[in-house]
Amino acid sequence: MSHPEQHRGRWRPRLDRPALVALLFGLVGVVYRLILTLFTVPVSNSDEATFGLAALHIGQGRERPVFLYGQHYMGMLESYLAAPLVAVFGPSWPVLRLPMLALYAVFLYLIHRLTRRLGTPWFAAFVVGLLALGPERVVRDQLTVVGGRPEVKPAVLLMLLVTVGLAAGTVHRRRLAIGLFGLLVGLSVWSDWLILPYLAVAGLALVWAVRRELLGWSGLLLVAGVVVGVAPMIVDNLRAGPGEDSLSVFREVSTKTGPQPPWSDRVRGGLLEGVPLAHGLCPVDGCGRWQQWFGVLYPVLLLAGAALAVLAYRRAAGAPRGERVGRGTGGLRGERVGPVVQLALVAGAALTVLSYVRSPLAATSPLDNARYLSVLQLSLPAVLWPLWVAALTAWRGTSSVLGRFTGALSAAVLAALTVSTLVVTVLFAATGTAASRTEERQARELAAALRADGPHEVYGDYWTCNRLIFNTDESVVCGVLDGNLSPGQNRYRPYWRQVGRAERPGYVVEVDSPMDRRLRRLLADRADAAPVREVGGYRVYHPDTPVRPWR
């Protein structure tokens with residue numbers, strides 16, 4: 001990655017050409033996402049606002065939440081990361097998202113380091129270039145503060161790099177490194193359970209690399225790290241009432257009653273829609289048939305990646321002893337760790353896809369739930385490595401006619417993947433941000449109007465309330481109602497109680513929405529007499545007497 005260069009008596013690292021190209025790609029990706037962050041693209045919502053409000057409460061010392069308000073399985077690490085910034089600069093979407101941007105930069109750096117260890121320098125630069133691109137579905141998972149994925153991906157990469165260093169003998173403080181591995185496991189489990197397949201395979205890779213060391217103090221440090229990382233979750237579950245522990249709540253959320261879609265529909269939704277969306281090959285509104293090819297190819301690439309890793313593992317075992325020792329301080333284990341980590345990445349991707357297609361949501365709502373496959377970016381080096389090897393072998397002219405044909409086809413696939421992702425990214429950047437910016441402007445107009453002129457206690461729907469509260473720095477408080485004007489999903493109960501005590505609450509509803517029509521029917525002849533104004537696509541009602549039909 002770098003070479004030492006002496007300059008005025010001091011040694012400084014000099015990046016090689018592939019590393020410079022990767023650095024350029026990474027800077028482009030970070031600057032592109034910084035611009036999106038400053039303009040609040042993708043659009044914010046009330047789920048993200050809930051994390052923002054938790055960050056505000058943490059910064060003020062009012063709350064120490066373990067899980068997202070209103071549930072018991074989504075960790076609040078992102079809120080804790082944003083809390084210092086929100087405390088200093090006040091609540092705003094760019095401030096809230098800046099830690100996510102930093103996590104994305106760390107993700108690029110770590111995946112570049114890992115890919116260079118497993119593959120080649122130019123392949124690592126290529127992977128970084130692909131990950132620097134990003135249409136809406138991809139950047140939404142990377143930049144919005146909705147829990148889990150932005151922080152667990154760098155954690156897994158660091159775990160794998162620790163494993164590689166331990167096996168190769170390049171890590172000197174081995175016990176501390178193993179303790180760090182455990183801490184990252186614990187934090188990831190607390191943060192987002194979707195990463196469990198990758199944690200499982202990373203743990204197996206660690207056991208393979210240092211199984212003898214784990215029988216002593218290193219094993220105790222590993223367990224201690226896990227316990228410290230997951231401690232908030234453990235404490236909260238010990239205090240939870242019957243049925244309110246994380247496992248029970250997660251099982252209830254994951255289990256849907258009613259007829260289950262057939263496996264064919266779930267596999268089709270998971271592979272043909274979810275996989276291309278997660279890798280940035282499709283716009284957010286879905287994949288055309290011509291964009292679904294990567295989903296068809298994905299299982300084949302997983303099998304090819306696993307086969308190459310097994311061959312490399314066996315080849316390392318068969319290398320002469322002198323050659324193995326000359327390659328590094330880790331000897332045979334140091335040579336084999338690369339294929340082992342590649343197998344772990346392939347297995348993590350396969351288990352993630354299998355877990356996803358088991359859910360009926362893969363068939364019934366593939367567009368909304370493709371975000372659960374965003375962790376597949378971790379396996380991109382292992383998935384694309386067979387294509388890179390075949391293309392490089394054919395380019396060097398060291399293969400047969402069939403090999404040259406396979407290499408040309410592999411190069412075409414890599415080119416198609418790059419061009420498709422680039423086209424979808426450019427279309428999003430050029431034409432897909434206008435709707436988000438318009439919606440954000442309307443949300444700010446509503447917040448400014450209510451903050452200035454009231455009412456300051458209002459009812460609204462879920463997707464209005466917490467975003468309104470965050471935009472007004474809690475100067476306007478909102479209670480959530482459903483379409484029938486009954487109590488809805490109020491994640492933070494103190495807001496609901498405060499609005500419930502108001503003598504004359506207002507109502508904020510989207511123009512001509514079911515809530516708007518229902519409210520007008522309840523107001524009857526008072527609808528026109530009640531003060532009503534329209535702001536940013538919303539109607540604000542402020543009747544003389546409250547309308548609370550649930551009472």
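Reply:
**The open sheet and its helices**

Strands β6 and β7 (residues 538-541) pair in the antiparallel sense over 4 bridges. Two strands count as paired if DSSP finds at least two bridges between them; strands themselves are DSSP runs of E with at least two residues, helices are runs of H or I with at least four, and both are numbered from the N terminus. Within this pair, Val 535 has Tyr 538 of β7 as its bridge partner.

The model is a predicted one, in which local features need pLDDT of at least 70 and side-chain atom pairs count only at pLDDT 80 or more, while totals for chains, interfaces and linings use all residues. Residues are numbered from 1 along each chain as its sequence is written, and side-chain values use heavy atoms, with hydrogens and water left out.

The pair belongs to an open sheet of 5 strands with mixed pairing, ordered β4-β3-β5-β7-β6.

Contact here means heavy atoms within 4.5 Å.

Helix α23 (residues 514-523) lies across β3, β5 (506-510) and β7, and runs at about 25 degrees to β7. Its buried residues are packed against those strands, β3, β5 and β7. Buried stands for under 20% relative accessible area, exposed for over 50%, and partly exposed for values in between, using a 1.4 Å probe and protein chains only.

Which residues of α23 are buried? They are Met 515, Asp 516, Leu 519 and Leu 523. Seen down the axis of α23, these buried residues fall within an arc of 100 degrees, so they line one face of the helix; the arc is taken over the directions from the helix axis to the C-beta atoms. Pro 514 and Arg 521, on the other side of α23, are exposed. Just after the helix, Ala 524 takes a positive phi of about 50 degrees.

Key
Axes are lines fitted to C-alpha atoms, for helices over the stretch in contact, and angles run from 0 to 180 degrees between N-to-C directions.
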